[in-house]
Structure formats: C-alpha cells, structure tokens
Amino acid sequence: MMPMENPLLIIKDLHVSYKTDDGVIYAINGLDLVLNKGETLGLVGETGAGKTTTALSILKLLPERIGSIDSGTIQFHDERLDNAPEAKMRLIRGSQISMIFQDPMTCLNPVLTIGDQIAEVLESHCPPGTKAAEIQRKVDEIMTMVGLPPDRKEEYPHQFSGGMKQRVDIAIALACEPELLLADEPTTALDVTIQAQVLDLMRGLKDKLGTSMLLITHDLGVVAETCDRVAIIYAGEIIETGEVDDIFYLEDHHPYTKGLFGSIPSMNEKMKRLNPIAGLMPDPSIKYVGCPFADRCPHKMAICETQKPQPVVTNGHMIKCHLFSSKPAGDNK
Amino acid sequence: MSNVKRRSQFSSVLHRFAKNKLAVVGVIIFFVMAFGALTADIFFDYKLQALDQNAKDKFLPPSREHIFGTDHYGRDLFVRIVYGGRISLIVGFFTAGFGLIFGTIIGASAGYFGGKVDNILMRIMDIFLAIPAMLLAICIVAALGGGLFNLLLANGIANVPRYSRIVRGHVMGLKNSEFIEAARASGANDKRIIFKHIIPNALGQLIVQATLTMAMAILSVASLSFVGLGINPPTPEWGSMLSTGKEFMRTHPNQIVIPGLAIMMAVLSFNLIGDGLRDALDPRLKN
Amino acid sequence: MFKFILKRLLLMIPVIIGISFVIFAIVSLTPGDPAQLILGADADPVLLQAKREEFGLNDNFFMRYIKYITGVFRGDFGKSYRTGLPVLGELLLRLPHTTIIALGGIGLSVVVGVPLGMISAIKQYSFIDYFARTLALLLTAIPVFWLGLLMLLFFVLKLRWFPATGTGSWRNYVLPVVALAASATATQTRTTRSAMLEAIRQDYVRTARAKGISEPKIMFKHVLKNSILPVITIAGMNVGVQMGGTVVIENVFNIPGMGNMLINSVRVKDIPMIVSTIIMVAFFIGVMNLIVDIIYTFVDPRLKTQYVTVKKKKDQPLIPAQEKI
C-alpha cells in the first residue's frame, strides 16, 4: 500500500459555489483530499454530492460566470492551481492532468474526425516544430494502445459505438501521458460487459504509464476492483477516507458509509431487504452548521446539529463524525 | 396535472417574464397602444379629426395642439396614429387568432389521425409554406380585393401552416406517450384527448408563435397598404399614411417618420413580448 | 450526389404544380373579371366578350388550368392580359433586377450578421454583445419600406450620394440591397449568436477545454463548425422572406423587377402573369434550398454518410462489423 508521504495533489478546505438565476448553490463545503503518486483514489458519493464539481475545480473548468472557487487551496506538485492564471492552466490541462467525462456520446465533437480530436491534444502540448507525421505516428500508437484500429482515424464519432467512443476519450486523456487522470464515472453510460472492458483497459494503461487516478463513481463494485484508497463524499465534504480494505472490512464507519453499504445488495449474505438511507441530502442552497448528515443519521446527537465534527484519524483511516470524536476510532461503540 | 401544480408553473413563468426588462418594456408599449385604441372615441372625434380635410391647417409643425403636427389635408397626425393603432391591433389579434384556430384544427387532425389524412393535409400546408407569406397575401388580396376584412383573411390564411406544423409536431410526439395511453384506457375519446391533453402541451409554443405572428401581421398589412394593395386612404392606416407621406417627405419628413416609428414600436412590442414569453416558458433556451 | 440533386429537382415538379394550382384557383375562382378590370367598368359588352374569348376565360376552370400548366412545362407561360406580351419574356427581363436585390440582401446579411453574431456569442455580456442584440431587435422591427424611404430621403435626396432612379449602375442597387438586408441581418445575427452559445454549452467543448486547447481554436474549430448548420438554415429560409421583401423595396426605389410587376398584375387580375411570377419565385426558393442542403452535406459528416451509404449499401454487410467493440 501507498504511504502518505508522496502526495501529488492536495486539496485543502475547498469551497465551491454556483451562482444561478435561482440563487447560490453551495456545492463544495470545506473539502480536504490527498492523492498520492501512482495511487488510484475512488471518490464515492451519491448524485449531487459534489464529485464532478471536485474534478472540475481541479482543472478549473467550472462553468464560466456561474461556478467559482470561493476559498481553499488546490496544490498539484508544488504549484497552486486554485489561483493559477488561465494560460498556465491551459498548459496543464490535457498534458499533466487530464479528464475522462461521464458520457462518451456527447463528449466528442460530432463534426471532427476521431484522429483529429486525438491529434489535437498532442499538437497543443508538443514542443513547437513537431512534425505532423510524428503526431500522426503518435495518434496511431495511442489508438492501438486503447484497442482502436488506427485505420479508423478518419472516421467520425457517430460511426463508433459507445464503448469505442469511451476508448477514444481514454486515448485523448492519455495521449500526453499525464501524471493525473480524473475519471468522472467513465463507465456509467456503458453496458455492463463493456464497463468491465473499459475498466480493465484503464487499469492496465494506468499501471503502464504510472499515472495517478481520481476515479469518481457511485459504484462500490468498481471501487473494490480498481482503487487503492477511497474517499466518501457527502454534501461537498469528505466524511471518510481510508484504504480500500479499511472501508470494506473495518467495523468503524461514518453512519453514511454504513448506509451506503446497506443500500447495495450483497451476494454473500442473506439479507431480508435492502436498507436505503432515508431522507435527502441537505438543501445545497443553505449553508448548514453542524454535520451535514445529521438529519438522516440514525445516531444523531444534540451536538450534531450545532457543531461540525472534526476528522478523527486512526492508522490512515479518517472519519468525520461526532460518534468518534470523543473516543479513538478503533474502539467499538 | 393538478391545479396546484399548474398554477405554480404559471406563476413561475409570470415571475420569470416580469424579471425580463425588455419584455416588460414590450408590455408597456402594448398597453399604451391598446389604451389608445380602446379609448380613442372618448377623446377624439373620428370623422372630424381623423378624416375631414381642413386645408388651412395643412403641414402644421408639431405644437401643443398637434403634438405630431398635421398632414397635407390638415388632419392631426397624432389622432390618425392612434386610430391606425386600432387597425394594427385588430390585424394582429385576428391574424393570430385565425392561424391559431385553423392551424390547431388542421395540425391536430393531421397528427392524430396520421396516415392519409396527415399526408394530404401536410402536403397542402407545405405548398402554402413554399410561397413567401407576403406573396401569398398579395395573391389573396388580388383575388378578393383590398379592404380590412380581406387583408385579415389573407394574413390569416398565410399563417395557418406555421401553427398546424407546431400542433402536429406535438401531437405526433405525444400520441404514443404513456399519459395519452392512460387517458385512452380510461375511456376518453379522440376529441377529448386532443383538446384536454395534447393542446395544453403545445400551448406555450403556440402563444409564443401567436405573439410573433401579430408582429409579422402588422408589418405585412402595413407593407400591403404601402404598395396600394391594402387599406386605402382616407382610412388612417400606418402603411397607407406612409405611402401618402412619401410624396411630401422631402419638405415634411415628419409625414414619414411618425407613421414609420409607430409601426416599428408596435412590431417591437410584440417581438419583445414573444421573446420574453419564450424565455420564460423554457428557461433552458435563454441566453 | 448527382443522383441526389436530380431527385430533388424532380421533387420540385409536384410542388410547383401544387403551388400553381393553388394560386391559379385563388385568383380565378373569386369574383372579379380580368376583362372588365382591363377595359374599365363601363366598357362595351361586345368588346368585353371578345376580350374574355381572347383570354380563354369562357372555358371551364380545370380546362384553363391544364392548358396553362402544360404550356408551362413546354416553356410557354402564356400571354399577359395586361400587355399582351409573352409572360416568360417579361419575367426574364425583370428577373435579373430582383435576383440582384434578393441575393445581394442575403449575401450582405450573411457577411454582416454571421461575424456580428459570433463576436456577440464569444464576448457574451460584453458591450458589443449588447450592441449586437439591440441592433438585431431594432432591425427586426423596422419595416423594410420605411427604412428604404428614410435612406432615400437621407442618402439620395439630402446627400445625393446615390442616383434616385434607374438601373444602369451598381449604385442603383446599393440602397435597396442594404434596406432589404436589414431584417435578414437581424435574424442572421440572432441565429448565429444562439447557435454559438448552444454549441459552447456542449460537452465536447468542455472536453476540448480539458484537453488544453486554446480558446480561439476552440471557438473557430469546435464551436463554429457545429453552429454553422443553423446559420445556413436561416440563410436559406431568409431567401423566401427576401423575395417577399423585394416587392415593397422595388416599389420604394422604383426598380422594374418582378415585385413591381406583380403589384401591377394584381391590380387587373392578370392571371398568367401572377401565377407565373409565383412559380418563378417558388422555383428560385427551391433551388436555393437545394443549395443549402448540398452545403449541409459538406459541413456535417453525419449527413454526408447518409448519402454515401445509399451507394455503399450493396457491398457492405447490414450491420457494419466495426460497430461492435
């Protein structure tokens, strides 16, 4: 397992909000996250928890005029990204940090050839004066690597199936061999069989290129198969992180994590019924005091309503819950 | 659809509309025009002030008595503009209403019955659409002669295809949807399904189209009257006022500036209202 | 592609038959006797009868229509009631004026409207955006003939930059073209702007940004190429509007085009002239739409393959093998 002392990306106390016509939406509320070199970190949470916003904040691709980073820092290597100028971000995007989006159907430009769209990212980041033939050779190489026949590079996205398109997205994302890959639910839009193929492909390429990966998903199966560490996000905060084994096998968990596991069917245990978490996430247009999960929590205490829980770390396993504030996390309740 | 939900949707549309400054400007222009058209007879004497010639007062410059001045027969331009507004409003509402009613009937039948009915009706509509509305109106006027009623008919007919297209599209889209199936299963007949379930769904788009039609109809009638195929003098219609005014525009530019501005404001008002409604009904489209 | 064009041209025949029938019926089956209109209200009944005979007005309606339309397909558009001259000759004499004004108007509206809409979208909420939007609002609301009159008053009568009448030089066409282009420019600007904004919102633009592509390249390569379709569509649709607009513009500037002739023909119910003018206009619009559709296939690869697959179908399996991963 990866030790903590080799961080590639450190996010500290990040606050992101969207200013819409109908008011302000507080999407990220004090998020802390560390991603180490070579590691795959699973970012898990339900829809609207702020997973995609986190990824977009890292690349500073929040919707213009609407989304903004209000406070906090994002550090990549030794550089601050949160206040980096656009020109610098442009150089980082696609070369050092790249992103795979959720829906391969809409992420490729319908009027440009596949080859052109892969070549483009190379052209943007290659040293000036790189020959066109060299770029084309690289396009062929990367297409082969992701399992696409290079002779199809003159074709357009509509001539490819969903799984093929996702391979094109992966090719684009990995073309410049980035250090960090942000994968936003890369398999959600695909058929189950193709999901497995794409995940295998990503895992293989990640190992081959030594890329670190932030894998955004709500699928715990994908997490178990792919990730080294897991961060559970709820209402724009990380409420629990740990090694995959910590999350899957330890007894102590944030009540939300427990609920999350309770809401998926298990093959091994006989379960009478699933236990979905009752209630909804707090209204993101209101800044809450206290624990965001309080309203849905079966173990709610008086303090939960008034005070934010502080993270409690035991052997690298962090839980942000008042249940564990008073006693070491290793203890049983 | 429950009443509560519909009301809240209506009020949220209204709220979005009211937040749109340009749309509010459009509404204000419209109300001023409508107020003038409705109350003109209280303040003015149509025959005396808008029609009767009075040579000694001709081409008076704007003054407190005649705020826009007078025309070549000494008639008050302001009064004539107000009465012209009445004609424009009638034209706008009638054209939109005509298109709305007949377009809805044709489009709904085509979409609902499908097959041969659809094919025949829509091919006829296509033929009408292939002729520019202005030219079609000219031909109808050629057939029936000028005058307000014939102009209304000409513009009304020229606008039917657009509405039938919209309604047909909605009917086709909704015909097989689940809530229509449910209505059918619960014993609603065809007519009821169309009018209770499908038309309300198309209403938003139809209202927007109707507002834009009013603008187009006002322009169209003014154009026809301008080239002498519409409403003829001495009736105070804006287009025909422009047509007479152009003889004197060199020495008395107000003769063309005033009626032209009136047309422009009227058209602008309906365009602004239409745009505002479209944005309010479908905020996604706003940009 | 050639097959496609031929097919489209052939498909125009029923449309033209339909249009001519509708117009022929509207003008023929309504009260108002062309012979009476031409000879005047108190004409000699004998002369009237002779005129009716000459125009063939005594035949039944369907006979007259069939005689007319078969003539059209042989290139004979009949004789004008008003002038007694062959309609086709008259039309061809006037067509160039109308074509210059209409195409000039379209061209100008594209040349001005597209860049203006682009800048407006790229610099959304900037000063130039507000300027373009206000301009577009005003230009849609301005009556063409009023704009024409104002320009006539200002540039011809006051400043004397352009000749008042005549058709000899290009200077005669400047003002009509500009006046006619006004409203088309407005729609072109608005369409271009909203198409660009729509494209900017698409996921593939976010992908392009995530790739680190520079903003100008994103705009010109990714966004513009995707928004060109509605832009062309509107340009094509404007052709019809322009043809309607030329009628009034020719009237304002005294240009002996088809529009002016139509107005004169309408006054005396010159049936062959009216129907033939409309056929001519419909044909013109049909050809312009065809050109628009052909341009589509060059812009959008999805449409191109539609036509290509028709050809390829024979030597390809039903489901292309590459479709599967």
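Colleague: Before we start, what pLDDT do local features need?
Modeller: Residues are numbered from 1 along each chain as its sequence is written, and chains are lettered from A and ligands numbered from 1 in the order in which they are written. In this predicted model side-chain atom pairs count only at pLDDT 80 or more, totals for chains, interfaces and linings use all residues, and local features need pLDDT of at least 70.

Colleague: Glad to hear it. What radius of gyration does chain A have?
Modeller: The radius of gyration is taken over C-alpha atoms, and the globule rule is 2.2 Å times the number of residues to the power 0.38. The C-alpha atoms of chain A fill a box of roughly 65 × 45 × 40 Å along the principal axes. For 333 residues a compact globule would come near 20 Å, which agrees with the value for chain A, 21 Å.

Colleague: Is strand β7 of chain A enclosed or open?
Modeller: Strands (E, at least two residues) and helices (H or I, at least four) are DSSP runs numbered from the N terminus. A residue is buried if 20 or more other C-beta atoms, placed from the backbone, lie within 10 Å of its own, exposed if 12 or fewer, and partly exposed in between. Leu180(A), Leu182(A) and Asp184(A) point one way from β7(A), Leu181(A) and Ala183(A) the other way, and all are buried. Because 5 of the 5 residues of β7(A), residues 180-184, are buried, the strand is largely enclosed.

Colleague: Moving on, which element gives the most to the side of chain B that touches chain C?
Modeller: Two residues are in contact if their C-beta atoms, placed from the backbone, lie within 7 Å. Here 34 residues of chain B are in contact with 37 residues of chain C. The elements of chain B giving two or more residues to that side are α5 (115-130), α6 (133-144), α9 (190-226) and α11 (254-281). The most, 10 residues, comes from α6(B).

Colleague: How many residues of helix α8 of chain B are buried?
Modeller: Just after α8(B), Gly187(B) takes a positive phi of about 95°. The helix spans residues 178-185 and is hardly covered, as among its 8 residues the buried count is 0.

Colleague: Last one: what radius of gyration does chain C have?
Modeller: Chain C comes to 13 helices and 0 strands, and 41% of its 325 residues count as buried. Its C-alpha atoms fill a box of roughly 85 × 65 × 35 Å along the principal axes. A compact globule of 325 residues would have a value near 20 Å, but chain C has 25 Å.
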